[in-house]
Amino acid sequence: MGRVHLFEFNDSRFCPRFVRDSVVEVLGRVIAAGPIPELAAPIFVRFIEKGGVRRLLDLGSGTGMTTAAIVAAAERAGAGDIPEVVLSDLRGGREASGVAAICNGRCRFWPEPVDAMAVDPAIAHDGRSFFCVFHHFRPAEARQVIAAAARDGKPVLIIEPFPRNPLYLRPLFFPSLLAYLANPFRTRRDRFFKFVFTFIVPLLPFLGLWDGLVSAMRIHSGDELLAMARAAAPDWQWEHGRAGFGFLRQISFFMGFPPRHAEGAAMDRDAGPPVSR
Ligand SMILES: C[S@@+](CC[C@H](N)C(=O)[O-])C[C@H]1O[C@@H](n2cnc3c(N)ncnc32)[C@H](O)[C@@H]1O
């Protein structure tokens with residue numbers, strides 16, 4: 001299917017904070033508890049090894065749950081050099097409780113809002129990641145984000161929880177419903193509103209379902225990202241693909257490295273671990 005960019009509640013600055021937060025909190029918990037971190041771990045490891053990434057800037061981190069779960073899965077899979085991860089979000093840090101414990105203290109939140117389209121040069125990092133967030137960018141914005149990473153010489157990793165097709169949401173439906181029912185008791189702020197709009201006026205699960213459907217229709221395909229990336233940085237190395245099993249358990253990924261990383265990766269096999277910039 002073609003890409004469609006409809007309205008999402010968690011995207012809208014006119015939407016009440018408790019609605020935006022609910023969608024992001026539930027998403028982070030559902031992804032962290034399911035198979036996606038395990039599917040993403042080998043891709044993450046390949047990215048940090050090939051890119052020589054020692055300090056990763058994760059953009060659009062939401063509560064940080066998804067990123068922390070991927071980092072933890074990579075560690076469980078035996079990855080050696082897990083980088084320090086700086087979590088960040090356009091809406092500032094709204095870290096879920098438990099994030100630091102999940103990732104063994106490797107992830108910490110940047111305290112100020114960070115816009116993926118204008119990354120603050122004061123944040124020292126040598127790679128950028130986007131987990132379950134790239135679909136928020138329209139094609140022109142996505143091009144801009146990739147071009148900025150290439151201009152700044154930062155390897156980039158994009159992982160989406162499924163390819164573009166709402167059918168892939170099916171396995172997430174019941175876990176999400178349960179997570180919406182639990183969220184008013186687990187959340188850090190706006191508990192009253194979240195409780196009322198879950199149990200008295202059961203609106204939040206429906207808004208979340210809408211955002212999920214719209215997200216699934218917004219995902220950029222690998223070929224679309226490749227065309228943007230090649231136009232932005234023709235000499236970079238770009239890779240894309242899917243990982244998973246069966247029809248309904250697949251994630252999609254895209255990553256890119258400056259040309260010198262290709263040479264570096266070849267050298268690294270003989271000369272030990274890659275050197276951080
Ligand atoms: C669907 S949530 C994903 C959150 C998280 N990555 C996860 O998997 O749980 C999208 C997040 O992207 C953030 N976001 C949207 N536009 C952004 C931008 N231009 N720069 C940084 N973050 C952005 C939103 O605030 C929101 O927290």
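How many bridges join S1 to strand S2, and do the two run parallel or antiparallel? Four bridges link S1 to S2 (residues 84–87), and the strands run parallel. Strands are counted as paired if DSSP finds at least two bridges between them. Helices (H or I, at least four residues) and strands (E, at least two) are DSSP runs, numbered from the N terminus. The model is a predicted one, in which local features need pLDDT of at least 70 and side-chain atom pairs count only at pLDDT 80 or more, while totals for chains, interfaces and linings use all residues. Residues are numbered from 1 along each chain as its sequence is written.

Within the pairing with S2, Leu57 has Val86 as its bridge partner. Between S1 and S2 the chain passes through helix H3 (residues 65–76), giving a right-handed β-α-β crossover; right-handed here means that, with the strands pointing away from the viewer, the path from the first strand over the helix to the second runs clockwise. S1 is also joined by four bridges to strand S4 (residues 127–131), again in parallel, and Leu56 stands opposite Gly127 in S4.

Now to the start of the chain. Met1 lies in the segment before helix H1 (17–33). Met1 is exposed, because 9 other C-beta atoms lie within 10 Å.

Note on methods
A residue is buried if 20 or more other C-beta atoms lie within 10 Å of its own, exposed if 12 or fewer, and partly exposed in between; C-beta atoms are placed from the backbone.
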